[in-house]
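Me: I have a structure open here and have not looked at it before. Can you walk me through it?
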Amino acid sequence: MNYASNSTKALSILDLIAMKQAGEKISCLTAYDASFSALIDKVGVDVLLIGDSLGMVIQGQSTTVPVTIEDMVYHSRCVTRARNRAFVMADLPFLSYTSKTIAIENAAKLIQQGGAQMVKLEGARFEVIEFLVEQGIPVCGHLGLLPQSINQLGAYKVKGKQQQEADKIISDAKKIEQAGATLLVLECVPAALAKKISLALTIPVIGIGAGVDCDGQVLVLYDMLGLGTGKRPRFTHNFMADAQSIEGAVECYHQAVKKSLFPTLSQSYK
Ligand code: KIV
């Protein structure tokens with residue numbers, strides 16, 4: 001069965017798990033407003049992520065740290081109003097899941113007011129994940145580079161190059177699955193490590209800067225449209241370069257992910 005059909009039935013987490021089991025790659029893009037949500041959805045991209053990257057690409061902040069839950073709910077509403085088929089997940093922003101109680105309040109806002117089907121949170125927060133899942137909220141974990149921790153990290157760098165760090169990421173990924181998360185984003189890790197994790201987990205692993213062997217790929221929409229003036233990270237690609245329109249660029253990205261043509265080796269880390 002090809003889950004990337006033109007069906008307008010909204011995808012569920014079960015469809016994404018079935019895609020992993022069938023070896024079909026999952027395409028994902030960030031979206032922050034209704035117009036792009038409708039366009040990306042029409043192309044057939046499987047997952048829309050309302051990422052807290054909106055702090056940088058929409059609000060012009062230098063990091064994702066200032067993004068609030070109100071920002072996330074507002075943009076989630078904009079996105080979910082316009083989509084028909086794509087599965088939608090939204091980021092819990094920095095400091096919005098410091099305890100189980102705070103996490104459930106904020107996750108509820110994204111699900112009930114924002115219309116998201118899943119929330120994503122950064123780091124090895126097993127207890128919070130377990131609690132949200134117990135309350136019926138689907139959770140996506142996020143390991144590797146954790147942008148919300150930029151003030152601790154000091155710089156955006158590849159994670160898991162050293163064996164000890166790689167072992168910790170593998171162990172955390174397994175514990176996140178055991179805690180009940182049903183999706184995992186891996187950001188900026190060596191391709192071989194991401195492959196190992198994708199094979200070890202039964203839940204789908206979506207990579208960004210994590211090589212071609214993940215179960216799916218995500219990019220920040222504005223990066224793949226070639227917008228932005230700074231130095232582009234090696235894992236992004238300007239899909240507008242060979243396309244005649246924004247819709248064409250999104251279609252090229254979607255097809256490249258489905259056919260495992262993106263990312264290439266030179267767009268991955270060793
Ligand atoms: O906020 C975001 O856009 C993300 C992706 C980079 C995965 O979390």
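Reply: A word on terms to begin with: Asp, Glu, Lys and Arg count as charged, Ala, Val, Leu, Ile, Met, Phe, Trp, Tyr, Cys and Pro as nonpolar, and the others, Gly among them, as polar. Also, this is a predicted model.

Me: ok, how does the shell around the ligand divide on those terms?
Reply: The shell residues come to 4 nonpolar, 4 polar and 4 charged.

Me: which residues surround the ligand?
Reply: Among them are Thr 30, Leu 49, Gly 51, Asp 52, Ser 53, Lys 120 and His 142.

Me: and which polar side-chain atoms lie how far from an oxygen atom of the ligand?
Reply: For Ser 53 the distance from a polar side-chain atom to a ligand oxygen is 2.6 Å, and for Lys 120 it is 2.8 Å. Asp 52 has a side-chain N or O atom 3.0 Å from an oxygen of the ligand.

Me: how much of the ligand's accessible area does the protein cover?
Reply: On its own the ligand has 260 Å² of accessible area, and the protein covers 95% of that.

Me: what pocket is that space?
Reply: The ligand takes up the space of the largest pocket.

Me: switching topic. how many disulfides?
Reply: The count is 0.

Me: are Cys 78 and Cys 252 buried or partly exposed?
Reply: Cys 78 is buried at 12% relative accessible area, while Cys 252 is partly exposed at 34%.

Note on methods. Residues numbered from 1 in each chain as written. Predicted model: local features only at pLDDT ≥ 70, side-chain atom pairs only at ≥ 80, totals over all residues. Heavy atoms only, no water. Near = heavy atom within 4 Å. Polar contact = N/O pair within 3.5 Å; in protein donor to acceptor, adjacent residues only side chain to side chain. Areas by Shrake-Rupley, 256 points an atom, 1.4 Å probe, with all protein chains shown as cover. 1 Å grid on protein atoms, 1.4 Å probe; cavity = no way out; pocket = protein on both sides within 12 Å on 5 of 7 lines; lining within 4 Å. Sits in = over half its atoms within 2 Å of the grid points. Disulfide = S-S within 2.5 Å. Buried < 20%, exposed > 50% of the residue type's maximum accessible area, 1.4 Å probe, protein only.
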